[in-house]
Each structure stands twice: as structure tokens, then as C-alpha cells.
Amino acid sequence: MSIELKALGKEYTAGNWVLEDVSAHIESGEFFAIVGPSGCGKSTLLRMIAGLIPISAGELQIDDQVATNLPPKDRKLTMVFQSYALFPFLSVTDNVAFGLKARKFPADEIKKRVDKAIDLVNLNEFKDRKPRDLSGGQRQRVALARAIASDVKICLMDEPLSNLDAQLRIKMRTELRNLQRELGLTVIYVTHDQVEAMTMADHIMVLHNHEIQQIGTPLDIYNRPANTFVASFFGTPRMNLLPARVEADKELLLANTLKLSVPEPLPVADYVVGIRPNALRLLPQGAGEPNAQVKTVEYLGSEIILEAELADGTPLELVAAAKDQYNVGDWLSVAIDGQAYVFDHDGQAQFMVEGGTRHATGNHASVQA
Ligand code: ADP
Ligand code: MG
């Protein structure tokens with residue numbers, strides 16, 4: 001049950017394209033995440049795939065069949081929403097059975113499927129309860145069971161965990177992922193949460209500015225970001241993005257402060273260089289020139305997050321060891337010690353340097369697996 005998106009576009013009102021040229025291949029049995037900031041069109045894309053809103057441009061294929069204009073009921077997919085969309089007056093069992101009854105499955109078949117689905121999501125003890133007597137997590141599991149009970153192998157999910165508290169959300173990530181694997185479901189999963197996408201997905205589509213920024217595995221996206229948007233969207237604390245200019249033949253000067261050696265001369269004068277906080281090293285007191293001043297200190301237990309300012313005023317986030325002591329106003333000596341991502345001044349990835357060696361980075365077309 002693979003899905004093919006071919007240059008999909010959406011305009012709610014004429015001439016206002018919310019999404020443009022969205023193309024992707026979603027393999028049968030994979031967990032595919034669509035991630036991006038609020039308002040970037042994630043729900044819109046999911047609803048187009050579900051058939052809940054019309055597709056304005058392009059073609060949708062489900063299982064090698066054109067499905068662009070098929071009514072939702074003929075698309076062989078189920079949907080789980082952020083709000084659980086359960087019937088308040090029906091028991092857990094009846095909520096799970098509802099779709100199968102509507103589609104006139106035989107009674108014994110319904111019972112078999114419903115029992116299995118309820119068992120899979122661990123709701124056996126709650127079969128006869130009404131939704132109001134369940135916790136948020138349990139309700140979301142009912143919604144999941146309903147999707148599982150149908151014979152349909154494609155499940156679309158729109159921020160299904162975002163109403164749950166933090167602890168339950170983390171537990172449900174694993175449960176959901178395990179269930180998806182066990183049942184061989186093809187899941188398209190919408191979230192604004194980069195960690196959720198990173199930890200759950202086989203492939204991630206990053207949406208922003210009406211279009212795809214990158215598609216890749218979580219590792220691709222993290223290690224080979226196609227542009228500055230993707231680079232700073234994934235990872236906590238965020239990647240630092242510093243203005244850079246060519247200073248000498250094989251050298252960039254970042255924020256007028258930090259030197260970065262590059263393996264070959266660069267063709268233009270200006271770049272943006274991205275450095276994750278863990279690729280910056282704090283030199284011991286007295287070693288090296290002080291070049292950054294501490295602005296805030298945040299203790300996280302295992303480590304310390306420092307917000308500093310480079311000598312020219314450019315902000316810089318750093319990670320320091322928890323055993324060390326830092327105070328606001330301290331001067332630090334910071335050096336690059338790890339990967340540095342070089343982007344052009346439009347934010348498109350050029351290459352990555354590590355220890356003076358050049359490595360390829362991603363772009364939207366080349367990293368689609
Ligand atoms: P996301 O799910 O990523 O937060 P949405 O798909 O809900 O984003 O919305 C994408 C854009 O489309 C937003 O600018 C939103 O205001 C607009 N939009 C969503 N639904 C409609 C609608 N029914 N009519 C007009 N514009 C809409
Ligand atoms: Mg949404």
C-alpha cells in the first residue's frame with residue numbers, strides 16, 4: 001500500500017497557494033512523518049490525501065491507482081485526529097466497531113477484529129466504559145483501536161499525541177511505533193514536534209513556506225540539512241547560524257570572531273555557517289583569547305546551556321559540563337571543534353567541514369531515499 005504524491009498543490013482561495021509542488025513516495029509499511037511549524041500546511045496535506053478537501057493541483061496515487069478525485073470511503077485509509085473524535089454515548093467496544101458496522105461487516109468478523117484491536121492497545125479492562133470515563137491517553141488508544149480494527153492498511157494521523165501530557169506522550173510514541181511495525185501499517189504522521197518526528201519516523205518531510213524543504217531519514221535530516229531552516233528546526237539546543245565572510249584564501253571568519261579553515265578557496269564572499277552547540281568547545285580559563293560573554297546560564301542537571309554573545313554582538317548557544325561554574329558576564333574562549341555547516345547567503349547547504357575536510361550535505365532532490 002504505497003502512496004505517491006505528484007506535485008500536489010492546494011489553494012483554498014484562488015491564487016493563494018497554501019502548498020505547492022509537493023512530491024513524495026511513501027513506501028508500503030513505512031512510518032512517514034510530515035513536520036513543520038504551525039500553519040505550514042501539514043493538516044491541509046493530510047486532508048488532501050484523505051479526500052476530506054479537494055486537491056487543487058497534481059496527482060495522488062494510492063497503491064498505484066490514481067486517487068486524486070476518489071471519495072474518502074474509497075481510498076482505503078483511516079484517520080486519527082488530535083481530538084479523538086469518539087462518540088460520547090457509545091462504549092469503547094462500540095466506538096471501535098462503529099466503522100465496521102457501518103460498512104456491514106458480518107457480526108462475528110466485527111467481534112474478532114474489535115477484540116483483537118482492543119487487546120493490542122491494552123484497553124481490555126475498559127471495554128464497556130464511555131469515553132468520558134477514560135483518560136486522554138486511553139481515549140487516544142480507542143481512536144487507535146478503531147483505526148487498527150478496520151482492514152485498512154494506511155493510517156493518517158494528525159498530531160494524535162499532542163493533547164497528552166509529556167510523560168504519556170513519550171510512552172505512546174513507542175507504543176504507536178511498535179503497533180505500526182507489528183501490523184505492517186503505512187502511517188503518515190503529522191506533527192509540529194521535531195523530536196517526535198526524529199524518534200518515530202522512517203522518513204521525514206519538512207514543510208515550510210508552502211513547500212517541501214527536505215525529505216530524508218532522521219539521520220539525513222540531522223546530519224545533512226538541506227538549508228538553514230531545516231538545520232535550525234531539528235536539534236535542541238538549536239544550531240547556531242553565524243554570518244561568515246571569506247577572510248583569507250582557505251579561511252572563513254564567522255561573526256567577525258571565529259576562524260574556520262576550509263579545504264579549498266571559496267567562490268563568493270559571503271556565507272552563513274551553522275554550528276551545533278555541541279560542536280563548540282570552551283577552552284579552559286587562560287587558554288585562548290576571550291571571545292564570548294555569558295548572557296544566561298541554564299542548569300539542566302547533566303549539562304549547562306549557556307547563551308553567550310560573541311565580541312561583535314552575535315548570539316551563540318553553548319553546552320558546558322555540569323560540574324563547571326559559569327556566571328552571567330563571564331568572558332569565555334570558544335573554539336570550533338566539530339562539524340561546521342556552510343550555507344550560501346540564501347541559506348542553501350553547500351558543504352560541511354569537519355577537521356578541515358569537506359563533506360557533502362543534503363539537498364531536497366538528492367536525499368530522497
Ligand atoms: P498546519 O496543520 O501545518 O498548522 P494548516 O494546514 O492547518 O497548517 O493550514 C495551512 C494554511 O492554510 C494556514 O495558513 C491556514 O490559515 C490556511 N487554511 C487552513 N484551512 C483553511 C481553510 N479551510 N480555508 C482557508 N485557509 C485555510
Ligand atoms: Mg494542523
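This is a predicted model: local features need pLDDT of at least 70, side-chain atom pairs count only at pLDDT 80 or more; totals for chains, interfaces and linings use all residues.
Residues are numbered from 1 along each chain as its sequence is written, and local features need pLDDT of at least 70, whereas side-chain atom pairs count only at pLDDT 80 or more.

**View 1. The surroundings of ligand 1.** Oxygen atoms of ligand 1 make polar contacts (pairs of N or O atoms within 3.5 Å): one is 3.2 Å from a polar backbone atom of Cys40, one is 3.0 Å from a polar backbone atom of Gly41, and one is 2.8 Å from an N or O atom in the side chain of Ser43. Taken alone, ligand 1 exposes 560 Å², of which the protein buries 54%.

**View 2. Helix 5 and its buried residues.** The 18 residues of helix 5 (residues 166-183) should span 26 Å at 1.5 Å a residue, and this agrees with the 26 Å between its end C-alpha atoms. Buried residues (under 20% relative accessible area, 1.4 Å probe, protein chains only) in helix 5 are Met172, Arg173, Leu176, Arg177, Leu179, Gln180 and Leu183. They pack against several elements, including strand 3 (31-35), helix 3 (107-120) and helix 6 (194-200). Helix 5 is followed by Gly184, whose phi is positive, near 65°.

**View 3. Gln214 in strand 10.** Gln214 lies in strand 10 (residues 211-216) and is buried, with a relative accessible area of 0%. A polar atom of the Gln214 side chain lies 2.7 Å from the backbone nitrogen of Ala226.

Note on methods
Chains are lettered from A and ligands numbered from 1 in the order in which they are written. Side-chain values use heavy atoms; hydrogens and water are left out. Helices (H or I, at least four residues) and strands (E, at least two) are DSSP runs, numbered from the N terminus. The expected span of a helix is 1.5 Å times one less than its number of residues. Buried means under 20% relative accessible area, exposed over 50%, partly exposed in between (1.4 Å probe, protein chains only). Contact means heavy atoms within 4.5 Å. A polar contact is a pair of N or O atoms within 3.5 Å; within protein, one must be able to donate a hydrogen and the other to accept it, and residues adjacent in sequence count only if both atoms are side-chain atoms. Accessible areas come from the Shrake-Rupley method with a 1.4 Å probe; for residues, only the protein chains shown count as cover.
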